[in-house]
Amino acid sequence: MFVNQPNQQQLPINTYPKWKYVLIIVVLALAFLYAAPNIFGKDPAVQISGLRDTMVTQQQLDQIQKAWADEGVTPLSIDLATIGEQGVNKVIARFSKPAEQLKARELANDVLNPTLENQNYVTALNLAPSTPRWLANLGGEPMKLGLDLRGGIHFLMQVDMDQALKRQQDQLRRDFIDTLTEQNPSIRGRVEPIENGMLLSFRNQEDAERAYEALFKAHADRIDLQLSEKGGRPIIRGTLNKQKLQEIKDHAIDQNRVILSSRVNSLGVAEPLIQRQGADRIVVQLPGVQDSALAKQILGATASLEFRLVNEEADVVGAQNGRIPPGNKLFDTEYGPILVYDEVEVSGDHLTNATATYDPQTNEPIVSVRLDGEGGSKMTRTTAANVNKRLAMILKESRPIFDIVDGKRVLVGSELEERVISAPNINGTFGSRFTITGRFTEPETRDLARKLRSGALIAPTFIVEERTIGATLGEENIQKGITSVIIGFSLVLAFMLVYYKLFGLVANVALSLNLVMIVCVMSLMGATLTLPGIAGIVLTVGMAVDANVLIFERIREELRAGARPAQAIDKGYGHALSTIADANITTAIAAIILFAIGTGPVKGFAITLFIGILTSMFTAIFVSRGIVNLMYGGRTVKKLSI
Amino acid sequence: MQILNKETNIDFLKLRKLALALSVLLIIGSLTSFFTKGLNYGLDFTGGTLIEVGYEQDADIPKIHEQLDGIGIEGAIVQNFGSASIVQIRMPQQDHIENAVVGDEVLAALRADGLTVIKRDQSFVGPVIGEELKEMGGLAMLVALICIMIYVALRFEWKFSVGSVIALAHDVILIIGFFSITEVEFDLTVLAALLAIIGYSLNDTIVVFDRIRENFLRMRKGSSEEVVNTSLNQTLSRTLMTSITTMLVLLALFFYGGQTIHSFAEALIVGVLVGTYSSIYVASPMALLLGVKKEDLMPPEVEKEGEEFDTP
């Protein structure tokens, strides 16, 4: 529990050993250092990053800088982040004026994304903190501002798990039937859906027992099986086990998060947030975006997958020169240009799963694909007739179009983009289960599986919460937040000074340092400052005084009881200590619970409240005592200014 | 300067019957209002769509109503928000329009006749979220009370623990009653304020309890009542001081913090008042009523070395 400060018998009353002062000074110096980035402003900047692990090469960088120089746009500085072998994956260029920033973005975009087919880079407008380089190198960063302070859109998307489960249930039905018909002799029975699984009924006990054994062998890793009887007939309940259910849900969330990320990337938003929340929700925050209708259109657009045959006979070179045969489309792919028929052989709706795995014989990384029954029979027909031709897998997604209106970059619409994600050779006839091989590396197979799944849309999402905060409201909120902090803070300082005189001044110093420390800890933690967060800070200021009040009232009491001033100080601080600790711990309990259970604004408030409790204990107990010790320690004091 | 420049000697406990009656009365009133009238839940809890728009001139509210009727919006509440040119429109779940697009359609309708309408804020909250939030709020409150009860029981004694939790429940009920009777909007930030009040009010109570414990050990002769009364007097100026400083910042938030945290500040202001009252008139008298006495608070035997250890 709380131990009174150890007796320092060697030292005179009210003096700290030197190391304590050193400690206090070091802590405070660090606090000032890491709170400092917040006082520097922000520069308009252009943030360039590659999509899907694409790097920005040195050559491209040179081109961009040349384009800027030609148009007379001079960046204040260019920062390169995460440097790899082939280039960098993030570039931040700062400019002095927003007009330059807009122009620079356009120019950079023209260099990096010359055609609509090949958009592999995001160029986004951003505000980059103008923290001095030496400070940034030490890890100094300003606090992030929440959406309510900078404007933007917040979406909470719910993933429709019922759909994901239903797909798996359909799959289960087919798998069960497959397993039972594969047996020799094949087992006959009836299959009907039940919650999270299937109910199978059989004509006799023997069939049921054989079925149980076969099903157990084939699916024990994901199915709970239960043999029983219903209405005189033997039945088997086969339900997805907990692990599998969780896996389905995680997959559905993960898939949607990936899809949302790629769409948000195409929106060109700097610092977007896409995060899982709870069991089946995803939070999407788009700072700076104002048009919620278009944002919704982009986020909500469904990507679709199509399997289409590659035209192997046509003249690709001719097509590149504009002679594209009718009913064909030319695609630029990583294997060079190919012509693909418009006709869709199998659509992505039929895809039930795509996973990265290994070939059991060669141990090579491959992608295993599963289609539903209808898709399987279509695939059989297509592949039987087209062995040794290539099958293109095409992902169709909508892509936003931007334009510059009144010097601002605005979203004006969207268009459909088609992309070949893979075009493997058809090596033989196959149906609902097949694998894609092709000297892949393991990350490549994972990427391909993810792309295939993203076109299948295993579980649709819908918006359950939406908040748009206008840019003006954001600025107003910052203004009001700062005003109320300043006013509240000044009132408390004035009151303390009048009420406790010199000791009040000490408390005020401690209180101000407390504010610096809160800002420092929040900056270091990378916590986001929101309006409720500011309220938390204001409230902490009010409550942080409490520790000092407790101490000072105690000192006054000791004085009234006839203690000598030096002793009154010592006893006042000593006695108040455990009370302060108890009082703060209980408030901390409330803050932790708020943080654990709350979401959004409640969390923001809880974080600042909690940090404030910790820092206020440090400043009120150690710092204020240190100052008082410096003033009164080690000498005879006749009267205290309290 | 001192508010109380001498040691006070107010007989707080003389008034405890009166205070008890007052508290019971207020609790009954609060609960009655809560169960009959309910709370004016904000969008966070009810679900629906809220849109805040700014006009270049004063907003024509009847016309806005017409425009909303024109696109089939039902049950909309249109009101000025802070200024005559800013309007807030709140709509419940719509049957005929998909909820996710209500805000966008309303904006389009308001802009239809060529007026410049600036969208300041737009929110849509689905019906499930609101229900979850109420559950979450109740749960958070319950968990906080239980954790605090355990902590106080460990640090002090179960009678104090019960006394403090009754005081906290008292505070929460009165604040909810205040929001029910005055019909001030009860939103997510008010919920956060309620939890902050639990922390704050407890803070006050703990300080008093701490002094009671100390005085039980010091004042060998006094009766339990005398000890409690002395303790309340000794901590009175601290209680008032902290309430005043906290109140100062809350007033700053209330008047200058903007509409978004208005309800939050209001809840905390009421909470600080109620919390200060309850730590004097509810928590300690409750502990007394439960028969707290000197023996309950004797410290456990301490090891000879003179150090304190964590009690297991």
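Domain bounds here come from an automatic or database domain assignment. The views below are taken from a predicted model.

**Figure 1. Domains of chain A.** Chain A is split into domain 1 (18-38 + 470-632), domain 2 (41-130) and domain 3 (290-468).

**Figure 2. Domains and overall dimensions of chain B.** Two domains are assigned in chain B: domain 1 (12-41 + 129-297) and domain 2 (48-125). Their C-alpha centres are 40 Å apart. Along the principal axes, the C-alpha atoms of chain B occupy a box of roughly 85 × 45 × 40 Å. The radius of gyration of chain B is 25 Å, whereas a compact globule of 312 residues would have one near 20 Å. Of the 312 residues in chain B, 47% are buried. Among contacts in chain B with a separation of 6 or more, 77% link residues 24 or more positions apart.

**Figure 3. Secondary structure of chain B.** Chain B contains nine helices and four strands. Read from the N terminus, the order of its elements is α-α-β-α-β-β-α-β-α-α-α-α-α.

**Figure 4. The interface between chains A and B.** In this view 61 residues of chain A contact 59 residues of chain B. On chain A, at least two residues of the touching side come from each of α9 (292-300), β22 (461-469), α13 (471-525), α14 (531-560), α15 (565-597) and α16 (600-632). By residue type, the side of chain A that touches chain B holds 35 nonpolar, 15 polar and eleven charged residues.

**Figure 5. Strand pairing across the two chains.** β22(A) runs antiparallel to strand β4 (residues 117-125) of chain B, and five bridges join the two strands. One residue pair to look for is A:E466 with its bridge partner B:F124 in β4(B).

Figure 6. An unreviewed UniProt entry places the feature "transmembrane region" at residues 21-40, 481-500, 505-525, 531-552, 573-598 and 604-628 of chain A. In the model, residues 21-40 of chain A are 75% helix and 0% strand, with 29 Å between the end C-alpha atoms. Residues 604-628 of chain A are 100% helix and 0% strand, and their end C-alpha atoms lie 34 Å apart.

Figure 7. For chain B, UniProt (unreviewed entry) gives the feature "transmembrane region" at residues 18-36, 136-154, 161-182, 188-209, 239-256 and 268-290. The span 136-154 of chain B is 100% helix and 0% strand in the model, and 27 Å separate its end C-alpha atoms. The span 161-182 of chain B is also 100% helix and 0% strand, with end C-alpha atoms 32 Å apart.

**Figure 8. A hairpin in chain A.** Strand β9 (residues 223-230) of chain A and strand β10 (residues 233-240) of chain A run antiparallel and are joined by eight bridges. Within this pairing, A:L225 has A:G238 in β10(A) as its bridge partner. Two residues lie between the strands of the hairpin, where A:G231 takes a positive phi near 55 degrees.

**Figure 9. A cis peptide bond in chain A.** Most residues other than glycine have a negative phi, and most peptide bonds are trans. The bond from A:N184 to A:P185 is cis, with omega near -5 degrees. A:P185 sits in the loop between α6 (161-182) and β7 (189-194) of chain A.

**Figure 10. Positive phi at two residues other than glycine.** A:N388 is not a glycine, yet its phi is positive, at about 70 degrees. A:N388 is found in the loop between α11 (373-385) and β19 (391-405) of chain A. It counts as exposed because it has 9 C-beta neighbours inside 10 Å. In chain B, B:E183 has a positive phi near 60 degrees. The loop that holds B:E183 lies between α6 (158-182) and α7 (188-218) of chain B. B:E183 has 12 other C-beta atoms within 10 Å and is therefore exposed, since the cut-off for an exposed residue is 12 or fewer.

Definitions and conventions:
Residues numbered from 1 in each chain as written. Chains lettered and ligands numbered in written order. Predicted model: local features only at pLDDT ≥ 70, side-chain atom pairs only at ≥ 80, totals over all residues. Contact = placed C-beta atoms within 7 Å. Nonpolar A, V, L, I, M, F, W, Y, C, P; charged D, E, K, R; others polar. Pairing = 2+ DSSP bridges. UniProt positions renumbered as here; feature names shortened; annotations may be inferred. Rg over C-alpha atoms; globule rule 2.2 N^0.38 Å. Buried ≥ 20, exposed ≤ 12 C-beta atoms within 10 Å, placed from the backbone.
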